[in-house]
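Look over the sequence and the model first.

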Amino acid sequence: MEVHFAPEQETLLSQIATHAGTDAERLVKDAALRLLQEEARFRAAVREGMAQADRGEFIEEEEMDARLEQMLRS
């Protein structure tokens, strides 16, 4: 697979990679893998939430607000 960036984006990627002690290709690969992992975690959490709802397992609005607040602070 090939991904093409505009020249200014390539320059920025190279600068970030240099500061991170790696090369631009590794930086992009690592970022893409992190995105895929996060997407998989999100989808798994949604599936679990839907399964809980199907089983009638709900929480009160106040508890949900507290959980969201905690997630946003993390």
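The points below cover helix lengths, helix ends, packing and charge pairs.

This is a predicted model: local features need pLDDT of at least 70, side-chain atom pairs count only at pLDDT 80 or more, and totals for chains, interfaces and linings use all residues. Residues are numbered from 1 along each chain as its sequence is written, and side-chain values use heavy atoms, without hydrogens and water.

**Helix lengths**
- Helices are DSSP runs of H or I with at least four residues, numbered from the N terminus.
- H2 covers residues 24-54, 31 residues in total. Its first and last C-alpha atoms are 45 Å apart, close to the 45 Å expected.
- The expected span is 1.5 Å times one less than the number of residues.
- H1 has 14 residues and should span 20 Å; its end C-alpha atoms are 20 Å apart, so the two agree.

**Helix ends**
- A side-chain oxygen of Asp23 comes within 3.0 Å of the backbone nitrogen of Glu25 at the start of H2.

**Packing of H1 on H2**
- The axes (lines fitted to C-alpha atoms over the stretch in contact) come within 8 Å and cross at roughly 90°.
- H1 and H2 are therefore roughly perpendicular (65 to 115 degrees, on a scale from 0 to 180 between N-to-C directions).
- Leu13, Ser14, Ile16 and Ala17 of H1 contact (heavy atoms within 4.5 Å) Ala24, Leu27 and Val28 of H2.
- This contact has 6 nonpolar, 1 polar and no charged residues.

**Charge pairs**
- There are 7 salt bridges (side-chain nitrogen of Lys or Arg within 4 Å of a carboxyl oxygen of Asp or Glu).
- One of them joins Arg41 to Glu38, with the closest N and O atoms 2.9 Å apart.
- Both residues, Arg41 and Glu38, lie in H2, 3 residues apart.

Notes: Helix = DSSP H or I, 4+ residues; strand = E, 2+ residues; numbered from the N terminus. Polar contact = N/O pair within 3.5 Å; in protein donor to acceptor, adjacent residues only side chain to side chain. Parallel < 35°, antiparallel > 145°, perpendicular 65-115°, else oblique. Nonpolar A, V, L, I, M, F, W, Y, C, P; charged D, E, K, R; others polar.
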